[in-house]
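Please look over the sequence and the 3D structure shown here. The report below then goes through the strands, the loops and the pocket.

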Amino acid sequence: MDKAYNRVLFLILTEYWFDKIKSGEKTHEYREARDYWNIRLAGKRFDHVYFRRGYKSKERMIFKIKSIERKQNIPNDLNLPDVWDIELGERIA
């Protein structure tokens, strides 16, 4: 598998959150810091995030990633104390 392919994080979003990111209102995507996301994100390097609007839509967006960090006790849309914070950079597609 091409190494560049491994640098893209693929995420499915509901229409609500997809539209918030698309409008620029939301510049961080959060994931709960639980085993699934800890294994998927800890110690990994991703350069881009590919968002798809739901499972059936073909609408998508690709952003550069500024940072991915595990953070505690920060305001987030999940209202959880321990999250992975994916800070979005420039939209490229």
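Which residue in E4 does histidine 48 stand opposite? Histidine 48 stands opposite lysine 64.

## About the model

The model is predicted, so local features need pLDDT of at least 70 and side-chain atom pairs count only at pLDDT 80 or more, while totals for chains, interfaces and linings use all residues. Residues are numbered from 1 along each chain as its sequence is written, and side-chain values use heavy atoms, with hydrogens and water left out.

## The sheet

Five strands form an open sheet with mixed pairing, in the order E1-E3-E4-E5-E2. Strands (E, at least two residues) and helices (H or I, at least four residues) are DSSP runs, numbered from the N terminus. Two strands pair if DSSP finds at least two bridges between them. E1 and E2 are at the edges with a single partner strand each, so one side of each has no neighbour in the sheet. On average, neighbouring strands of this sheet are turned by 40° against each other, direction ignored. Axes here are lines fitted to C-alpha atoms, for helices over the stretch in contact, and angles run from 0 to 180 degrees between N-to-C directions.

The pairs can be taken in turn. E1 and E3 are joined by six bridges in the parallel sense, and leucine 13 has arginine 53 in E3 as its bridge partner. E3 and E4 pair over five bridges in the antiparallel sense. Their hairpin has six residues between the strands, and glycine 54 takes a positive phi near 70° there. Strands E4 (residues 60-72) and E5 (residues 82-91) run antiparallel and are joined by eight bridges. In E5, valine 83 is the bridge partner of lysine 71, and aspartate 85 is that of glutamate 69.

Buried means under 20% relative accessible area, exposed means over 50%, and partly exposed is in between (1.4 Å probe, protein chains only). Phenylalanine 10, found in E1, is partly exposed with a relative accessible area of 34%. The C-alpha atoms of phenylalanine 10 and isoleucine 65 are separated by 12 Å, and the two residues are 55 apart along the chain.

Helix H1 (residues 15-23) lies across E1, E2, E3 (48-53), E4 and E5. The helix runs at about 130° to E3.

## The loop between E4 and E5

Where is asparagine 73 found? Asparagine 73 is in the loop between E4 and E5, and asparagine 79 is found in the loop between E4 and E5 as well. Phi of asparagine 73 is near 55°, a positive value in a residue other than glycine. Asparagine 79 also has a positive phi near 55°. Asparagine 73 is exposed, with a relative accessible area of 66%; asparagine 79 is exposed, with 70%.

Leucine 78 lies in the loop between E4 and E5 and is partly exposed, with a relative accessible area of 36%. Leucine 78 touches Tyr30, Arg31, Glu32 and Val83, not counting residues up to four places away in sequence. Contact means heavy atoms within 4.5 Å. Leucine 78 and arginine 31 are 47 residues apart in sequence, and their C-alpha atoms are 7.9 Å apart in space.

## The largest pocket

Rolling a probe the size of a water molecule over the atoms shows where empty space is left. The largest pocket has a volume of about 170 Å³. On a 1 Å grid over the protein atoms alone, a pocket is an open set of points where a 1.4 Å probe fits, with protein on both sides within 12 Å along at least five of seven lines. Grid points are joined across faces, edges and corners, and the volume is the space filled by probe spheres set on the points.

Lining residues have an atom within 4 Å of a point; among them are Trp17, Lys26, Gly54, Asp77 and Leu78. Strands E1 (8-13) and E2 (28-32) are the elements that give two or more residues to this lining. E2 gives the largest share, three residues. By class, the lining has six nonpolar, two polar and four charged residues. Ala, Val, Leu, Ile, Met, Phe, Trp, Tyr, Cys and Pro count as nonpolar, Asp, Glu, Lys and Arg as charged, and the others, Gly among them, as polar.
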